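Please look at the sequence and the model side by side before reading on. The paragraphs below may then be followed directly in the structure.

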Amino acid sequence: MLFRHRTSRLEFQPPTRGEELIRFEHLKKSFGPKRVYDDLQLSVYAGETLTVIGGSGTGKSVLLKCLIGLLRPDEGRIVFEGQELTEFREEDFIDVRRHVAMVFQGSALFDSLTVGENIAYPLREHFPHMPPEEIRERVARKLELVNLPGIEDMKPADLSGGMKKRVGLARAIATDPEVILWDEPTTGLDPVTTENINQMIRSMQKQLGCTSIVVTHDMMSAFTVSDRIAMLANRRIVQVGTPEEMKASTVPEVRAFLDARRQELWTQEEAR
Ligand SMILES: Nc1ncnc2c1ncn2[C@@H]1O[C@H](COP(=O)(O)OP(=O)(O)OP(=O)(O)O)[C@@H](O)[C@H]1O
Ligand SMILES: [Mg+2]
């Protein structure tokens, strides 16, 4: 992949579907006395949607943050397309974030900017010489992709929660990233909007060929969108498998987590 506007240490080759794209190797991370990972290992393959599940505070968000350089692991390596990110300097991560984009939990839109300006923001940041017509055209195309055509002039305050999430997605994919990170994409959304976001995650894979890493509490969503699911517990990944393999898991941590979730789902159903 060529960088049109700046040189970079990240010499990215277009990934071949199914090849290993990201590898977390022997990761260790602590915050003071709190050990988050002891020896975390995980591979992510190009074109797949991988969901990371696990209890609250097990380090799901920290994993995504380590990948884009918002946090640094204490030990171990993170390899992305053969490049060791753990050796990267702060400024090198700017380029990483063009290839690996995060859809933040609260959508994190700038309230004072219009929808169009929000989506244009990463384009101006990464491509300072991009002509205004091209920016306008790209913004319009991304809004079409998330099924919100023509809303460039609206302000975030005028949007519903689901629309904000989709605008957040449009902004994340503005730079045509290869990898999309989703932190709790369906938390706090109603069932219809949740279904809509699940479809968006699938369609990013189908339409754009993106690799996705999804972090969620929502097992319905995990079973719907994932090619593979990885379970984080006891400071490591205890199992990775297809949704079917996870449902049939005999690994104690996975069993306990799924059984607790199943009870929650039943309670939710009964409450309706
Ligand atoms: N910047 C930080 N400084 C100190 N501790 C942190 C920091 N970020 C995360 N932690 C701690 O690391 C642990 C893992 O946090 P993380 O946010 O990854 O959990 P999580 O699995 O995403 O949880 P949740 O499901 O509640 O979002 C938690 O104990 C958290 O308090
Ligand atoms: Mg989290």
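This is a predicted model: local features need pLDDT of at least 70, side-chain atom pairs count only at pLDDT 80 or more; totals for chains, interfaces and linings use all residues.

We begin with helix α5, which runs over residues 161-172 and so contains 12 residues by its count. From its first C-alpha to its last, α5 reaches 17 Å, close to the 16 Å expected at 1.5 Å a residue.

How many residues of α5 are buried? The number is 9 of its 12 residues, and the helix is thus described as mostly covered. Among the buried residues of α5 are Met163, Val167, Leu169 and Ala172. An α-helix has 3.6 residues a turn, so residues three or four places apart point the same way.

Against which elements do the buried residues of α5 pack? Two of the partners are strands, β6 (100-103) and β7 (179-183). The helices α3 (115-126), α4 (132-145) and α6 (191-208) also pack against them.

We now turn to the loops. Glu81 lies in the loop between β4 (75-80) and β5 (83-84). Its phi is near 50 degrees, a positive value in a residue other than glycine. Is Glu81 buried or exposed? Glu81 is buried, because 21 other C-beta atoms lie within 10 Å, and the cut-off for a buried residue is 20 or more.

Asn234 is found in the loop between β9 (228-233) and β10 (236-241). The phi of Asn234 is near 50 degrees, again positive in a residue other than glycine. Asn234 is exposed, because 11 other C-beta atoms lie within 10 Å, and a residue counts as exposed at 12 or fewer.

Definitions and conventions:
Residues are numbered from 1 along each chain as its sequence is written. Chains are lettered from A and ligands numbered from 1 in the order in which they are written. Helices (H or I, at least four residues) and strands (E, at least two) are DSSP runs, numbered from the N terminus. The expected span of a helix is 1.5 Å times one less than its number of residues. Two residues are in contact if their C-beta atoms, placed from the backbone, lie within 7 Å.
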